[in-house]
Amino acid sequence: MGRLSVSLCGIELDNPVIPASGTFGYGYEFAELYDINLLGTFSFKGTTLQPRFGNPTPRIAETSGGMLNAVGLQNPGVDSVISEELPRLAKVFHKPVMANVSGFSLDEYVAVCRRLDACPQVGWLEVNISCPNVHGGGMAFGTDPAAAAEVTAAVKAVTTKPVIMKLSPNVTDIVAVARACEDAGADAVSLINTLLSMRIDLKTRRPLLANGTGGLSGPAVFPLAVRMVYQVARAVKIPVVGLGGVSSAEDVLEMMLAGASAVEVGAANLVQPYACRDIIAALPGTMDKYGIENLNEIIGGAL
């Protein structure tokens, strides 16, 4: 293993940098800009059982230190992802990919995970129980430890690949949810998803987003994400994937010190399409600056 290499649920990554779901599509758009095989891996767009158009527009709003989104899990549905998106991706990405799964019922999570688990390209299943931008699903499962455990156990019963439960910050006690997922068999957890937020247009006196509320991401949420990753990493024995406002090599190191084995980069990709490439390129020099020989030596170093 090289000095940037890490292991996530037994699968080696060349580096810990992973574009987050919803910010990297299915990869091939970014492959037109640079060789995406330099990434550790990436988490593709949140996938549901049936195609989803998403929420009405406007569904993106800028704010200080970040952005709000209420896209609403727009995707072509799992069957189209398997028959069209993954073969297209295989032409440009030659590593295991992380499949992000969303659902509106226990049965839907199970059905989507079962289908994606059978795909050779898929290395991990990242199960999103934390999306704040849809009604009747997503975050509803991630705010209650018992419900989160139920989804975890149901998905683990039909899959063979590592299951990473993606947790919501919109809870009183994220540690309790993480522990419930671990006890139910999760192989890892990823956190945080976006924070439920709102902006109001002074001219119309109405919310800027048609959905009313949206998820806040970007640098503004980074300190909160670090705190939650730190708390969860102290409480569980399974790997933690840290995300939330990461936009630099320094941020990656800070997340890993907080306990993250790998780090996802989200909104930064929407601001700067080369963000992940540049972060990976900057990591060796940044490690040298802080006297870090190998990334594995700092995972959980602040705990």
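Helices (DSSP runs of H or I with at least four residues) and strands (runs of E with at least two) are numbered from the N terminus. Residues are numbered from 1 along each chain as its sequence is written, and side-chain values use heavy atoms, with hydrogens and water left out. The model is predicted, so that local features need pLDDT of at least 70 and side-chain atom pairs count only at pLDDT 80 or more, while totals for chains, interfaces and linings use all residues.

**Exercise 1.** Find which residues of helix 8 are buried, and state which residue with positive phi follows the helix.

*Solution.* Begin with the stretch 249-257, which is helix 8, and pick out the residues that are buried (under 20% relative accessible area, where exposed is over 50% and partly exposed lies in between, with a 1.4 Å probe and protein chains only). These are Ala-249, Asp-251, Val-252, Leu-253, Met-255 and Met-256. Next, look at what covers them: the cover includes strand 1 (6-8), helix 7 (222-235) and helix 10 (275-289), among others.

**Exercise 2.** Describe how helix 3 and helix 5 cross, and list the residues that make the contact.

*Solution.* Two packed helices are described by the angle between their axes and the distance between the axes. For helix 3 (residues 106-117) and helix 5 (residues 145-156), the axes (lines fitted to C-alpha atoms over the stretch in contact, with angles from 0 to 180 degrees between N-to-C directions) come within 9 Å and cross at roughly 35°. The contact (heavy atoms within 4.5 Å) is made by Leu-106, Tyr-109, Val-110 and Cys-113 of helix 3 together with Glu-150, Val-151, Ala-154 and Val-155 of helix 5.

**Exercise 3.** Locate the two cis peptide bonds that join Thr-57 to Pro-58 and Leu-191 to Ile-192, and give their omega values.

*Solution.* Most residues other than glycine have a negative phi, and most peptide bonds are trans. The bond between Thr-57 and Pro-58 is cis, with omega about -5°, and Pro-58 is found in the loop between helix 1 (28-31) and strand 4 (60-63). The bond between Leu-191 and Ile-192 is also cis, with omega about 10°, and Ile-192 is found in the loop between strand 9 (188-191) and strand 10 (195-197).

**Exercise 4.** Decide whether Leu-73, which has a positive phi, is buried or exposed.

*Solution.* Leu-73 has a phi of about 60° although it is not a glycine, and it lies in the loop between strand 5 and helix 2 (78-90). Because its relative accessibility is 13%, Leu-73 counts as buried.
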